[in-house]
Amino acid sequence: MKQDNRKAADAPRHTPPLRRIRIALASVCFLLLTWLFLDFTGTAQPLAGWLAKIQFLPAVMALNLWVVAGLVVLTLIFGRIYCSVICPLGVLQDLLARLRPRGHKKVGRYSYSPEVRWLRYPVLVLFVIALVAGVGSFVALLAPYSSFGRIASNLFAPLYQWGNNGLAAIAEQQGSYAFYHVDVWMRSLPTFLIAAASLAVLAILAWVGGRTYCNTICPVGTVLSFLSRFSFLKIRFDADKCRNCSACSKSCKASCIDYKNHAVDYSRCVVCGNCLESCKFGALHYAPAFSSQTAGSPSAAKGISHPADAPTNTIEAPSGAVEGATPIPSGATPSPSRRAFLIGSGLAIGTAALAQTKKKVDGGLATIEDKAAPERQTPLTPPGSLSAKNMAQHCTGCQLCVAQCPNQVLRPSTGLLTLMQPTMSFEHGYCRPECTRCSEVCPAGAIRPIQKDEKSSIQIGHAVWVKKNCIPVTDGIDCGNCARHCPTGAIQMVPLDPDNELGAYVPAVNESRCIGCGACENLCPARPFSAIYVEGHEVHREV
Amino acid sequence: MDRRSFLKYIGGGIAATASAATLLTSCKPKAAGSDSAADSTPADSTADGEMTMRTNHNTGDRVSLLGYGMMRLPELPDDADEDPQTGLYDQEMINRQVDYALAHGVNYFDTSPAYCRGLSERCTGIALKRHPRKSYYIATKLSNFDPGTWSAKASKQMFENSLKELQTDYVDYLLMHGTGMGSNDAEGNSLNGWQTFEARYMDNGLLDWLVQQKESGRIRNLGFSYHGEVEVFDRLLQWHDEGRYHWDFVQIELNYLDWFYANEINPRNTDAAYLYDELCKRGIPAVIMEPLLGGRLASVSDDVAAQLKQRDPEASIASWAFRFAGTPENVLTVLSGMTYMEHLTENVKTYSPLRPVNEEEHTFLMHIAEEIFGLKTIPCNECQYCMPCPYGLNIPAIFVHYNRCIKEWLVKQSAQEPGYRHARRAFLIGYDRSVPRLRQASHCIGCNQCTPHCPQQIEIPRELHHIDDYVEKLKREGTTF
């Protein structure tokens, strides 16, 4: 052992501590980005928001050309270091691999395997088709950053929030305002299940094959692999020094080192530096192309030559497939929710009367029934998203906006095509005028940045009155809570019967002024279905 | 919140009526030749519809309760040419208003060499010169604020110049202007209130010179106006007690907000209740400035306006403030800077004659002050008679939280107030802790089913909406606590 160490130290070239640098940088990026998904106070955004914006796919979606160019250059210089440092899903897999259950060998358990082209390139082709066709659900399913966001916001955030709530309870006892309670609730069951499944699949893949996901499924990894083949800095063999001990191949989580042929598949290498440390003979270097010690490179170059041709064909995928993909879900989706609505509206007629508990004794609290989401013919998308189309085209379903929404308005859509993309509903809160958080955090250009004062003039939908639920009509009680809370003054109370000014007053919505914030719907006393609800607009307007 | 102000709040808010009554009656024997606030008016005012007059027991001057403050004189229209003598000021209008004032009993005119870009004395002089000198009283000031005027020579020159501008050979009331305020001396060193007073009036021997002028008849009454550090006020009154100097009158800020909350509005100010009481104890007539607190008591929130109007629909909002300021019997005159004829006619009406604020109205105005200042607690004692609210609100819990925040000074009127950020966080987080969101005031639909059950006759929905508005205001400040 000691001998080996000395030999390594004697190696003519000093090996830079690539692995340690990589781990340090990756830790910083990963922790900051995870915090961004967990934080609900808005503190993380200014410090960590940029990390979401330099993610590859969101930057492409946002047409953030400087970031894309930067990442391209980065990859052309260093190889797929993006996958080891910047991509949170990549780092998560490294973490999972470390957390492998006991009884398994932790080091040197990998081996070389050839590239799985039959899976890798078709997945990319499908992904690009989905992108172009606007099948956001498929995009969100595969995009690495989105997968991470889904896992962090669905699986990690609740733990973080429960922890916070524990601290908040202690703080309350101490009379401190350092922590405050937050509601922990599931925004969407399908998204939660997908997140859990993604994590399970990732964990298994990471335990079995290290970076299998990155190198066979991840479309971003595949795109970057086209560039990394030509990167300036690469892991290179010094054939003279190599004793064919296989330590490098066993340590390679990307399974991309063929020690027998002294070849590295640069399309899969994520430049983690593990092999450099594993080699006791100084036979591996992370070095530029013109370096003298590139004995293994010819064979490696051969290894990459075939797949290098493939992408040019695949990117320009036939768009004919698009039409086939789109119409599938439209017929199927509404039925369950429509049924729910019919049942619900039946209840609503009853509940209007139930909304008020009769006062018989002094004290006690009336029970409050939970609100139920109405069926919206057009789903609501947050101000700044411009239109349903813009949202569908840009959103990568990363859940950052959902995680950050302080008013608990945003949640992942359950529509098949827009699965996991954000949609709005007002059972827990409404889209408050001072908040533009989602527009600040969105890295993909799906929700464009807006100012507070702009927000009050963006019409994302309009309020619709439902007479049969309205308390002045059903109970003959004065209300007007919707009008009192309308931030744009779009609601006024008018006599239900124009000839009877002493009778019930009901809300009259001036649709041209309504911005669709949902204050009326959220604060309407009718339960479970509000007597006023917001119907979305496909294209947002200025009022 | 310091302890002093907190205790004061507790004492002040609860015992407003009691202390007001005490103050008004405590100085009866030393008051300016009248019995009590309520009785003095008919005695002092000649007839119904005429200006209430007060007597200065030092000189026997009969002074109108409304004093004309010449610090906000009307200006010429924008396109008019400047007058070589009176600059931008509309002398014709000033003359008209002064004529009107005199015709309606106003006989006290308060000016200063500093007012209206230095032209107030001249404009006042021109207007008054047209009337017999004995028909009015002139008050002006030694406004030697600038260190360049602190020398004996420059200060004396300032007084001589005032006489010249006012076209008279004596002034009825002369004030050392703005005592208690700090300053920077010629070298830029900052001086506190007392140091400034010494530099302006003592080190240069000016106060003694002013006393000589009084003896020679060029000044009929000598006094000071006071703002700022209370130590200066206390020491000057101590001199009066010791017989070192005699103050014929003192000018203080007094209005129903400053009565108990001067210190809260501006930490450098002192509550008018204290200042007035100190003067009253010594029988020093009080001249009142800022009866409207810079107009703040003339333009109040809709809510406050509604309450005032409901009580007296025909009275203007401002008239309440004037009545309050004029009621204490030791008040010689109440100054108002009346720019427009409408101000003048309205104020003349308010004081012709004064309808003194009675005990009940005093309490009412103290509540209004609390409300303006955001200190009004809700008299809920959690009897739960209002509960259950049919719409699920926890009414008593909301009131308890709000009252607690008021008592802990966590309710702030503006984001500029010190401690605002902490107060906002404590209010909002505490609100969510005390009352689940679904049971908070935003869900009150105003059905009013609770109100008849309340033994305290609290208008519950109105108070809940008021709290909800406050919460909404806090929330609009940002998405984070």
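Strands are DSSP runs of E with at least two residues, helices are runs of H or I with at least four residues, and both are numbered from the N terminus. The model shown in these views is predicted.

Figure 1. Chain A contains 25 helices and 10 strands. Of the 543 residues in chain A, 47% are buried. When contacts in chain A between residues at least 6 apart in sequence are considered, 76% join residues at least 24 apart. Chain B contains 19 helices and 12 strands. Of the 481 residues in chain B, 45% are buried. In chain B, 73% of the contacts between residues at least 6 apart in sequence join residues at least 24 apart.

**Figure 2. The contact between chain A and chain B.** Chain A contributes 30 residues to this contact, and chain B contributes 28 residues. On the side of chain B that touches chain A, at least two residues come from each of α18 (420-434) and α19 (460-476) of chain B. The largest share of this side, 5 residues, is supplied by α18(B). Sorted by class, the side of chain B that touches chain A comprises 12 nonpolar, 10 polar and 6 charged residues.

Figure 3. The buried residues in α18(B) are B:Ala423, B:Arg424, B:Phe427, B:Ile429, B:Gly430 and B:Tyr431. Because an α-helix has 3.6 residues a turn, residues three or four places apart point the same way. The elements that cover the buried residues of α18(B) include α17 (395-407) and α19 of chain B.

**Figure 4. Packing of helices α2 and α3 of chain A.** Two packed helices are described by the angle between their axes and the distance between the axes. Helix α2 (residues 18-38) of chain A packs with helix α3 (residues 44-53) of chain A at an angle of about 115°, and their axes are 8 Å apart. The crossing in which α2(A) passes α3(A) is left-handed. From α2(A), the residues that make the contact are A:Cys29, A:Leu32, A:Leu33, A:Trp35 and A:Leu36. From α3(A), they are A:Ala44, A:Gln45, A:Leu47, A:Ala48, A:Gly49, A:Leu51 and A:Ala52. By class, 10 residues of the contact of α2(A) with α3(A) are nonpolar, 2 are polar and none is charged.

**Figure 5. Strand β11 of chain B and the strands paired with it.** In strand β11 (residues 286-289) of chain B, B:Ala286 and B:Ile288 point one way, whereas B:Val287 and B:Met289 point the other way; all of these residues are buried. Strand β10 (residues 249-253) of chain B runs parallel to β11(B), and 4 bridges join the two strands. Here B:Glu253 has B:Met289 of β11(B) as its bridge partner. The pairing of β11(B) with strand β12 (residues 331-336) of chain B is also in the parallel sense, over 3 bridges. In this pairing, B:Ile288 has B:Val334 of β12(B) as its bridge partner.

**Figure 6. Cis peptide bonds in chains A and B.** In chain A, the peptide bond from A:Arg527 to A:Pro528 is cis, and its omega is near -5°. A:Pro528 belongs to the loop between α25 (519-523) and β10 (532-542) of chain A. In chain B, the peptide bond from B:Met387 to B:Pro388 is cis, and its omega is near 0°. B:Pro388 belongs to the loop between α16 (359-373) and α17 of chain B.

Figure 7. A:Met420 is a residue other than glycine, and its phi is positive, near 80°. The loop between β5 (410-412) and β6 (422-424) of chain A holds A:Met420. A:Met420 counts as buried because it has 27 C-beta neighbours inside 10 Å, and the cut-off for a buried residue is 20 or more. B:Asn448 is not a glycine either, and its phi is positive at about 70°. The loop between α18 and α19 of chain B holds B:Asn448. With 14 other C-beta atoms within 10 Å, B:Asn448 is partly exposed, since partly exposed residues fall between the limit for exposed, 12 or fewer, and the limit for buried, 20 or more.

Note on methods:
Residues numbered from 1 in each chain as written. Chains lettered and ligands numbered in written order. Predicted model: local features only at pLDDT ≥ 70, side-chain atom pairs only at ≥ 80, totals over all residues. Contact = placed C-beta atoms within 7 Å. Nonpolar A, V, L, I, M, F, W, Y, C, P; charged D, E, K, R; others polar. Axes fitted to C-alpha atoms, helices over the stretch in contact; angles between N-to-C directions. Left-handed = near helix turned anticlockwise from the far one by under 90°. Pairing = 2+ DSSP bridges.
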